[in-house]
Each structure stands twice: as C-alpha cells, then as structure tokens.
Amino acid sequence: MPLQLIFQPIGRGKVKSFMRYIMRIARQNAQYRCEMSKNTDFSGYECQYIMCVCHHPGMTQEQISTHLCIDKSNVTRRLATLEENGYITKKAMESDKRNLEVFPTEKAIKMLPYVRQINQNWEEYITADLSEEEKTILNIAIEKIRLRANEWEKVEFQPIPMVAVEEEGNNIEADF
C-alpha cells in the first residue's frame, strides 16, 4: 500500500487527525513493552528511562524530564522505582547539592541490550508491511514533525476563543 494511502488527510469533519494515530501507536507500544518486560523487575514504561540514563549518565532528573518530555513528578516516581530495583543511582551535584545526577548501575547497562531488542522488535513489527522506500519516507517525515514539535514553546500561540469552538458545534462523530 502506498504511503499516501495510509494516513487520511489532516483536517476536521469525518477525517481523523494523524495525531490520533501517533498517540494510539504510542499507547500500543507501551502495552507491548509492558508485556515483553513482565518477567523482569522493571515495567515497560521504564524502558525509556533505562535507555536515557545509560546513554546520558549524569543527567539530572529535570534534564531527564525535558529529554523524555515527561512530567517531573512522573520521572521522580519512575526513577525511585528504578533506584529501588538497583538500576540507577543518584548523586548530589558538586555545584548544587539540591540537584541529583542519575547514573546507570551495572544492572541497567546489562539490561540495555534487552531493552533495545524490545524496541527493535516493535519497530520491525509495526513497519513490516512497509517497503524500504516507505520506511525511509516515514522516518524523514516523522523527524521533520519531531523537530517542529520541539520548537512549539518558542512560538507565541494565541488562545482559542471558546466562541469559535461553540460555533463549530459539538459533533462527536467528527472526533472518532
């Protein structure tokens, strides 16, 4: 199937937003990671933390939060679990004792190939029906979208007035 037929055009009405597809794929990926890691002492949700800490040892919790685009309180909870299970250690920064740097333990480093394999298997599974050309096009498009999304905080968005929302109507069918 050609790539242009996979996604419906972006817009309102009966056409679904591609963001719905991306969010659904992300949730299904989380379910897959949880299923694949159920015989370990970490959850599938913690895979990304293990990868981040192994690839960027010494990041602070705030930097991890920013890097993964995850709320600081969620990062704190996940890191606490990983620390309890022996995957990470935290150390106060020399320059600011209030900030904690996070480091992988040997256990995390040994688990990294397993986590990578979970991610690789998922990516191979969901792209199995795509040609190499479609995979390349998809990767290029997703990277462009990711880079644009990284810039959203630098743009001054105007609040959407509720009047405009009410005028469009409340057509629930258009959303699903």
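1. Let's start with a term: a residue is called buried when its relative accessible area is under 20%, exposed when that area is over 50%, and partly exposed in between, using a 1.4 Å probe and protein chains only.

2. A word on what you're looking at. This is a predicted model, where local features need pLDDT of at least 70 and side-chain atom pairs count only at pLDDT 80 or more, while totals for chains, interfaces and linings use all residues. Residues are numbered from 1 along each chain as its sequence is written, and side-chain values use heavy atoms, with hydrogens and water left out.

3. Now the overall layout. The protein chain has 9 helices and 3 strands; these are DSSP runs numbered from the N terminus, with helices being H or I of at least four residues and strands being E of at least two. Reading from the N terminus, the order is α-α-α-β-α-α-β-β-α-α-α-α.

4. Some totals for the chain. Of its 176 residues, 25% count as buried. The accessible surface comes to about 13,000 Å², and carbon and sulfur atoms hold 55% of that; areas like this come from the Shrake-Rupley method with a 1.4 Å probe, and for residues only the protein chains shown count as cover. A contact means heavy atoms within 4.5 Å. Among contacts with a separation of 6 or more, 53% join residues 24 or more positions apart.

5. Which residues of α6 are buried? They are A108, M111, L112, V115, I118 and W122. These buried residues pack against α2, α3 and β3 (100–104). Keep one rule in mind here: an α-helix has 3.6 residues a turn, so residues three or four places apart point the same way.

6. P104 is found in strand β3 and is buried at 18% relative accessibility. Leaving out residues up to four places away in sequence, P104 touches V53, C54, P57, Y87, I88 and I109. P104 and G58 are 46 residues apart in sequence, yet 8.6 Å apart in space, C-alpha to C-alpha. T105 sits in the loop between β3 and α6 and is buried too, with a relative accessible area of 16%. With the sequence neighbours up to four places away left out again, T105 touches G86, Y87, I88 and T89.

7. On to salt bridges, where a side-chain nitrogen of Lys or Arg is within 4 Å of a carboxyl oxygen of Asp or Glu. The count by this rule is 9. One of them joins K107 and D41, with the closest N and O atoms 2.6 Å apart. K107 lies in helix α6 and D41 in the loop between α2 (18–36) and α3 (47–55), so this pair ties together parts that are 66 residues apart in sequence. K107 is partly exposed, at 33% relative accessibility.

8. K135 and E132 meet at 3.4 Å, N to O. Both are in helix α7 (residues 132–150), and being 3 residues apart, they are separated by about one helical turn. K135 is partly exposed at 22%, while E132 is exposed at 58%. R98 and D96 also form a salt bridge, at 3.1 Å, N to O; R98 is exposed, at 73% relative accessibility.

9. Finally, two surface spots. I25, Y125 and I126 form a nonpolar patch with about 310 Å² of accessible area together. Patches take residues with over 30% relative accessible area and no salt bridge, joining like charges within 9 Å and nonpolar side chains (Val, Leu, Ile, Met, Phe, Trp, Tyr) within 5 Å. Phi of C69 is near 60°, a positive value in a residue other than glycine, and C69 is exposed at 67% relative accessibility.
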